[in-house]
Amino acid sequence: MWAFYICALLLLFFGIYIGFILGSSWGERAVTAADYWKMNAVAILAAVLAGFVLAGVPLLYGAIVGVLAGCIAGLKMSFGESSGPWRWLDRFMNVNRSHRETAEKGTGEERRRRRRAGERGPDLISVAPDRPSSEAERGGADAAHGRAMKNGTTKDAR
């Protein structure tokens, strides 16, 4: 009897792992929230059908439930946005801040379209030429401050 419970628990954890991998790979294909929820529905239907097919093998029930749970979690994490009941749960538990911010800004669909097409994201860091190093090249208040310091004036020229 204990062996059955231990094997069922191991199959549950293995199913969660496999389901998470499957859900992560499928979730990267979702672009819109409708695609995401369709994938969730397909995962639930597949689990129900697997339960019907494997009804004679109760040891595998844990694996089916594990694959479903892992798949739903993998879909959510790779989708990268809090939607539906996940939005409330993420806010309530104060987790997945980047998913919540993406949902609030509404930029997730654009990012997922770029990722699916293989395009690069926008550059968020501006690259400016190096700043001049000598006081004469800097000019303005910085040069006046430098001259005041050379003359021994302690008053700040800025």
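This is a predicted model: local features need pLDDT of at least 70, side-chain atom pairs count only at pLDDT 80 or more; totals for chains, interfaces and linings use all residues.
**Whole chain**

Start with the protein chain in cartoon view. It has 8 helices and 0 strands, and read along the sequence the pattern is α-α-α-α-α-α-α-α. Of its 158 residues, 24% count as buried. Switch to a surface: the chain exposes about 11,300 Å², and carbon and sulfur atoms supply 64% of that area. For the contacts with a separation of 6 or more, 60% are accounted for by residues 24 or more positions apart.

**The largest nonpolar core**

Select Ala30, Tyr36, Ala43, Cys71, Leu75 and Phe79. These 6 residues make up the largest nonpolar core. Helix H2 (33-53) and helix H3 (61-79) are the elements that give two or more residues to this core. The largest share, 3 residues, comes from H3. Next, centre on Ala43. Apart from neighbours within four places in sequence, Ala43 is in contact with Leu68 and Cys71.

Ser83 sits in the loop between H3 and helix H4 (85-93). Is Ser83 buried or exposed? Its relative accessible area is 6%, so Ser83 is buried. Leaving aside neighbours within four places in sequence, Ser83 is in contact with Tyr36 and Trp37.

**Aromatic pairs**

Now show the rings. The count comes to 5 aromatic pairs. One of these is formed by Phe4 and Tyr5, which are edge-to-face, 6.0 Å centre to centre with 70° between the planes. Phe4 is partly exposed at a relative accessible area of 39%, and Tyr5 is partly exposed at 44%. Tyr36 and Trp37 form another edge-to-face pair, at 4.9 Å centre to centre and 70° between the planes. Within this pair, Tyr36 counts as buried at 1% relative accessibility, whereas Trp37 is partly exposed at 34%.

Finish at Phe4, which lies in helix H1 (residues 2-27). Then extend the selection to Met1, Trp2, Phe4, Tyr5, Ile6 and Leu10. What do these residues form on the surface? They form a nonpolar patch, with about 770 Å² of accessible area together. Why does Phe4 not count as buried? Buried means under 20% relative accessible area, and Phe4 has 39%, so Phe4 is partly exposed.

Terms used. Residues are numbered from 1 along each chain as its sequence is written. Side-chain values use heavy atoms; hydrogens and water are left out. A nonpolar core is a set of buried Ala, Val, Leu, Ile, Met, Phe, Trp, Tyr and Cys residues joined through side-chain atoms within 4.5 Å. Buried means under 20% relative accessible area, exposed over 50%, partly exposed in between (1.4 Å probe, protein chains only). Helices (H or I, at least four residues) and strands (E, at least two) are DSSP runs, numbered from the N terminus. Contact means heavy atoms within 4.5 Å. Patches are made of residues with over 30% relative accessible area and no salt bridge: like charges are joined within 9 Å, nonpolar side chains (Val, Leu, Ile, Met, Phe, Trp, Tyr) within 5 Å. Accessible areas come from the Shrake-Rupley method with a 1.4 Å probe; for residues, only the protein chains shown count as cover. A salt bridge is a side-chain nitrogen of Lys or Arg within 4 Å of a carboxyl oxygen of Asp or Glu. Rings of Phe, Tyr and Trp (its six-membered ring) pair if their centres lie within 6.5 Å; planes under 30 degrees apart count as stacked, over 60 as edge-to-face and the rest as tilted.
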